[in-house]
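Thanks for making the time this morning. I would like to walk you through one model, contact by contact, so please bring it up on your screens.

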Amino acid sequence: MSQSAPTPNDREVENVLYQKRQKVYPREVHGLFARLRVAGVLVLLGLYYFVPWLTYDGHQAVLFDLPARKFHIFGLVFWPQDFFYLAMLLVIAALSLFFFTALAGRLWCGYACPQTVWTEVFLWMERKIEGDRPRQMKLDKSPLNFRKFRIKATKHAAWIAFAAWTGFTFVGFFTPIRELGASLMNFSLGPWETFWILFYSFATYGNAGWLREQVCIYMCPYARFQSAMFDKDTLIISYDESRGEPRGSRKRSEDRAGKGLGDCIDCTMCVQVCPTGIDIRNGLQYQCIGCAACIDACNDVMDKMDYPRGLIRYTTENRLEGRPTHVLRPRTLVYGFILLALLAGLIYAIANRVPVDLNIIRDRNALYRETPMGLVENIYTLKLINMDEHAHSYQLTIEGLEQAELVYREDALKVPAGAVAELLVQVRIDPVHLDRPSNEIFFVLESLENPDIRIRQSGRFLGP
């Protein structure tokens with residue numbers, strides 16, 4: 001079957017898909033949302049680089065010790081048995097993303113996404129070394145000479161140093177950062193530590209320094225499905241076409257109404273400050289990360305032209321069409337209710353978490369055995385995990401069989417902090433006290449130092 005010749009429109013689409021990347025030179029912008037974004041960068045990066053150096057109770061406050069399978073978070077120690085809390089935390093994070101997206105669009109992308117945060121720092125370093133947007137464009141177009149090489153080399157050296165610090169800090173969350181620093185100074189890093197420092201450094205340098213908007217446009221999956229969480233009441237960054245069109249340049253003293261023009265003077269400042277290089281005047285696009293840089297730039301232009309602010313602003317589709325906006329609607333109410341319930345559940349679970357775990361393994365070689373005294377005996381192997389930061393001595397009792405005798409070595413119930421103890425236990429009873437062949441019993445483990453640390457686990461006792 002013959003194929004039809006490609007149309008001019010097909011060729012245009014193909015050219016767009018395969019055209020060479022045009023570097024984006026975001027212009028520096030000042031304003032309310034720029035200050036909020038800078039504040040977010042300072043807070044988030046401050047936490048990232050500062051928290052690993054904090055100490056709590058004599059050791060690193062936040063440490064994800066994978067070899068020991070223990071996560072230390074400000075005095076709380078989580079074990080693999082606590083995976084439930086991590087699952088709840090991930091669900092809460094996902095619901096928070098859905099909730100805030102339904103309310104105000106891509107707040108995460110614009111203010112808190114690691115790609116946005118680190119890109120802001122790399123852009124700041126680039127402006128300090130190469131200059132503002134016009135100077136950067138002029139420098140890139142100039143032929144290679146010693147001056148250009150020196151400036152570019154200085155910029156990349158700063159980028160690489162900052163990326164290396166980022167990679168070092170990342171590994172410092174998994175290996176005690178002071179020990180990691182000493183190993184680095186002594187050139188005695190382990191192979192995995194070396195790999196992850198280099199890998200994370202390279203990822204930071206590549207993503208924030210070279211790829212930038214390419215990560216948001218082509219690699220991030222969130223940009224593809226965010227529209228599913230939008231509705232006509234979602235707060236998004238929009239251009240007021242009814243007020244701005246028809247656009248056109250003019251002097252401040254000229255009467256725009258007399259020339260038949262709207263408020264947009266077609267200065268393209270909203271395009272020049274956009275980190276992804278889009279024109280917000282063409283409508284909402286998936287490339288928009290919601291950073292609000294175009295709002296600050298447009299408001300600044302409106303102030304200079306003595307026009308009202310808000311030509312580009314946070315608004316809703318309903319508001320632009322003259323209809324009322326509803327903040328409380330089924331989508332946000334459901335997201336908010338589930339989010340609050342899960343958050344309250346997680347806080348309650350952690351607050352009432354018992355830092356001890358007891359695993360019961362019944363001897364499967366025999367259903368039961370009879371002792372020389374005519375008693376029925378079951379044998380169990382108990383694994384005691386002291387998940388606290390302090391050593392504990394425990395008391396072990398059983399419930400469910402009133403006449404049963406519990407035999408074990410009491411010295412085995414002294415468990416150091418963060419240790420696992422294995423205990424062989426015999427449960428004996430006169431068969432006359434057994435009503436049925438299978439009985440449920442409960443092993444109760446209680447700390448002698450702190451009665452609040454108590455756990456009760458069930459098991460089965462089998463008899464004739």
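Let me begin where two helices touch: Gln 115, Trp 118, Thr 119 and Phe 122 in H5 meet Thr 204, Tyr 205, Asn 207, Ala 208 and Gly 209 in H9, where contact means heavy atoms within 4.5 Å. By class, this contact of H5 with H9 has four nonpolar, five polar and no charged residues; here Ala, Val, Leu, Ile, Met, Phe, Trp, Tyr, Cys and Pro count as nonpolar, Asp, Glu, Lys and Arg as charged, and the others, Gly among them, as polar.

Before I go further, please keep in mind that this is a predicted model, in which local features need pLDDT of at least 70 and side-chain atom pairs count only at pLDDT 80 or more, while totals for chains, interfaces and linings use all residues. Residues are numbered from 1 along each chain as its sequence is written, and side-chain values use heavy atoms, with hydrogens and water left out. Helices (H or I, at least four residues) and strands (E, at least two) are DSSP runs, numbered from the N terminus.

Two packed helices are described by the angle between their axes and the distance between the axes. Helix H5, residues 114-130, packs against helix H9, residues 191-211, at an angle of about 75°, with the axes 8 Å apart; the axes are lines fitted to C-alpha atoms, for helices over the stretch in contact, and angles run from 0 to 180 degrees between N-to-C directions. H5 and H9 are therefore roughly perpendicular to each other, on a scale where angles under 35 degrees count as roughly parallel, over 145 as roughly antiparallel, 65 to 115 as roughly perpendicular and the rest as oblique.

H5 has a contact with H2 as well, and the axes of H2 and H5 come within 10 Å and cross at roughly 105°, so these two helices are also roughly perpendicular to each other. On the H2 side the contact is made by Arg 37, Val 41, Leu 44, Leu 45, Tyr 48 and Tyr 49, and on the H5 side by Val 117, Trp 118, Glu 120 and Val 121. The residues of this contact divide into eight nonpolar, no polar and two charged.

Tyr 49 brings me to the aromatic rings. Rings of Phe, Tyr and Trp (its six-membered ring) pair if their centres lie within 6.5 Å, and planes under 30 degrees apart count as stacked, over 60 as edge-to-face and the rest as tilted; by this rule the count comes to 26 aromatic pairs. The rings of Tyr 49 and Trp 165 have their centres 4.3 Å apart and their planes at 20°, so the pair is stacked. This pair links distant parts of the chain, with Tyr 49 in helix H2 (residues 32-50) and Trp 165 in helix H7 (residues 146-172), 116 residues apart. Are the two partners buried or exposed? Tyr 49 is buried, with a relative accessible area of 8%, whereas Trp 165 is partly exposed at 42%; buried means under 20% relative accessible area, exposed over 50%, and partly exposed in between, with a 1.4 Å probe and protein chains only.

Turning to the strands, four of them form an open sheet in the order S13-S11-S15-S16, with antiparallel pairing, and two strands pair if DSSP finds at least two bridges between them. The edge strands are S13 (414-415) and S16, each of which pairs on one side only. S11 and S13 pair over two bridges, and Ser 393 stands opposite Lys 414 in S13. Six bridges join strand S11, residues 392-399, to S15, with Tyr 394 opposite Ser 447 in S15. S15 in turn pairs with strand S16, residues 454-462, over nine bridges, and the bridge partner of Ser 438 in S16 is Leu 462. S15 and S16 form a hairpin with six residues between them.

Finally, four bridges join S6 to strand S7, residues 312-315, in an antiparallel arrangement, and the bridge partner of Ser 238 in S7 is Arg 313. From strand S6, residues 236-239, Ile 236 and Ser 238 point one way and Ile 237 and Tyr 239 the other way, and all are buried.
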